[in-house]
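User: I am new to this structure and would like to go through it by questions. Please start with any term that is needed.

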Amino acid sequence: MRRRWLAGITMAALLGLAACGGGGGTPAPSGQASGTGGGGKQQVEVFSWWTGPGEADGLKAMKEIFEKENPNLTFFDAAVAGGSGDKAKALLQSKLQADTPPDTFQGHAGAELLGYIKAGDLEDLTFLYDELKLKDAFPAQLVEQISYEGKIYSVPVNIHRSNILWFNPSVLKEAGVAAAPKTIEEFIAALEKVKAKGKIPLSIGSEWTVTHLMESVLLGSLGTDAYNALFKPGADWGSAAVTKALNDFAKIMSYAGDPQDDWQPAAAQVAEGQAAFNIMGDWAYGYFHNPPEGGLGKKSKTDFDWAPSPGTEGTYMWLSDSFTLPKGAKNRDGAVAWLKVAASKEGQDAFNPKKGSIPARKDADAALYTDYLGDALKDWSSNKLAGSVQHGVAVSQPWLASINESVGLFIGTKDVAALQKGLVDAAAANVQ
């Protein structure tokens, strides 16, 4: 029963939200994912949700490196069909319940994996960090934030940034806003100027994008250290500082346009000149920039521009796709070989330019990362780190579900006191 409960609460977390996956693909046929492939090669079942443009290309690039370095192994792509993730959830749940996990699976690094760790489903990967000297290759703050009781259970293959303010330069100019606002106060003033010109000051999407907005406002209002402290035992979610941050959030939300179905149409309102601002992760860059068949085909610095979300300059609110080593994997040695490629400079530099993310490693080939990705790479190597709430770093999936419930109620009531009480209760019930 414990395993069924675990699988149920972690499915949504494993698949994430809109940040890092979707698209088509084919579930692995039962009984064909592991074992011996053609020519006597051992198959390695790699479970992911990377099936869409860019991400599937990046996975293919890592696969080629993996099979070149391991001629006795065959990569078995267990990416799963369905943009909603329903088939992926059902497949993974059945594997966990039957104690037949894939050899390795993708999940967000951080608190999202706690359920698996506490249930004893994952092997400790500290031995791999020691062997490959990954504690030197990854930023120390990253290693600290993905460790649990001194052990590490995943290998981050990329980094996304959550706290990005996307804006339309022409709309700002028309409103008399000279530059992207750097503080919460400047942001509210800019929103008011845009409103006066009849444009949408701030675009938003579905409910999860509002939680995404709230985490950036909390970071911008509280500061990095106080924000990070919220997720530690004894944190005071009922403090006056949190009250102020939530009042800032409520004020900012008062300038939001009509909620869109998801993040893409909300982002499009900025790129198409209907709205001034949108706070969204850096996966929006690919959507803005990619040709019309996979994006909006817009020009950087002309149709859209970017800056750290207000109040957060110098801090990188991060999330990461990572791979794990499940206990009971049929091909453990093959899974470890895959993790070594995922952790390597060659593997991360092959994957990330195609995915539209940056490597977790500090020694990436900077020449491969240009435009927004160039800015992100520089900031990643120098900024403080803060973990995303909405995307699995700072809180477990049950905790996130409680937060999202409180935010959903706030959208209807606009009651800051009730929102704060909901956050206090969520922390009390879920803090690790």
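Analyst: Buried means under 20% relative accessible area, exposed means over 50%, and partly exposed covers what lies in between. The model discussed here is a predicted one.

User: Is Lys-199 buried or partly exposed?

Analyst: The cut-off for buried is under 20% and that for exposed is over 50%. Lys-199 has a relative accessible area of 27%, so the residue is partly exposed.

User: With which residue does Lys-199 meet in a salt bridge?

Analyst: The N to O distance in this salt bridge is 3.6 Å, and a salt bridge requires the two atoms to be within 4 Å. The partner of Lys-199 is Glu-174.

User: How many residues apart in sequence are the parts that Glu-174 and Lys-199 tie together?

Analyst: Glu-174 is partly exposed, at 43% relative accessible area. Glu-174 belongs to helix 8 (residues 169–175), while Lys-199 is in the loop between helix 9 (184–196) and strand 10 (200–202). The pair therefore ties together parts whose separation in sequence is 25 residues.

User: How many salt bridges does the whole structure hold, and which residues are linked in a network of them?

Analyst: A search of the whole structure gives 12 salt bridges. The residues linked in a network are Glu-185, Lys-244 and Asp-248.

User: What separates Asp-349 and Lys-345 along helix 16?

Analyst: Asp-349 and Lys-345 form a salt bridge, with their closest N and O atoms 3.3 Å apart. Asp-349 is buried at 10% relative accessible area, whereas Lys-345 is partly exposed at 35%. The two are 4 residues apart in helix 16, so what separates them is about one helical turn.

User: In the salt bridge between Arg-361 and Asp-363, how far apart are the closest N and O atoms?

Analyst: Arg-361 is buried, with a relative accessible area of 13%, and Asp-363 is partly exposed, with 33%. Their closest N and O atoms are apart by 2.8 Å.

User: Over the ring of which residue does the charged end of Arg-161 sit?

Analyst: Leaving aside neighbours within four places in sequence, Tyr-372 has contacts that include Arg-161, Trp-306 and Tyr-316. The charged end of Arg-161 is 4.5 Å from the centre of a ring, and that ring belongs to Tyr-316.

User: At what distance from the ring centre of Trp-306 does Lys-301 lie?

Analyst: A charge counts as sitting over a ring only when it is within 6 Å of the ring centre. Lys-301 lies over the face of Trp-306, and the distance to the ring centre is 4.3 Å.

User: Why does the aromatic pair of Trp-50 and Phe-351 tie together parts that are apart in sequence, and by how many residues?

Analyst: The pair is tilted, at 4.6 Å centre to centre and 40 degrees between the planes. Trp-50 is buried at 1% relative accessible area, and Phe-351 is buried at 0%. Trp-50 is in the loop between strand 2 (42–47) and helix 2 (55–69) and Phe-351 is in helix 16 (residues 345–355), so the parts tied together are apart by 301 residues.

User: What kind of pair do the rings of Phe-66 and Phe-75 form?

Analyst: Phe-66 is buried at 0% relative accessible area, and Phe-75 is buried at 6%. Their ring centres are 6.4 Å apart. Planes over 60 degrees apart count as edge-to-face; here the angle is 70 degrees, so the pair is edge-to-face.

User: Which residues do ring pairs link into a cluster with Trp-50?

Analyst: The structure holds 25 aromatic pairs. The residues linked with Trp-50 into a cluster are Phe-66, Phe-75, Phe-323, Trp-338 and Phe-351.

User: Which side chain does a polar contact join to that of Thr-224?

Analyst: Thr-224 is in helix 11 (residues 224–229) and is buried, with 13% relative accessible area. Leaving aside neighbours within four places in sequence, Thr-224 is in contact with Leu-219, Thr-315, Lys-384 and Leu-385. The polar contact is 2.5 Å, and the side chain it joins to Thr-224 is that of Thr-315.

Key:
Residues are numbered from 1 along each chain as its sequence is written. This is a predicted model: local features need pLDDT of at least 70, side-chain atom pairs count only at pLDDT 80 or more; totals for chains, interfaces and linings use all residues. Side-chain values use heavy atoms; hydrogens and water are left out. Contact means heavy atoms within 4.5 Å. Rings of Phe, Tyr and Trp (its six-membered ring) pair if their centres lie within 6.5 Å; planes under 30 degrees apart count as stacked, over 60 as edge-to-face and the rest as tilted. Buried means under 20% relative accessible area, exposed over 50%, partly exposed in between (1.4 Å probe, protein chains only). A charge sits over a ring if NZ of Lys or CZ of Arg is within 6 Å of the ring centre and within 35 degrees of the ring normal. A polar contact is a pair of N or O atoms within 3.5 Å; within protein, one must be able to donate a hydrogen and the other to accept it, and residues adjacent in sequence count only if both atoms are side-chain atoms. A salt bridge is a side-chain nitrogen of Lys or Arg within 4 Å of a carboxyl oxygen of Asp or Glu.
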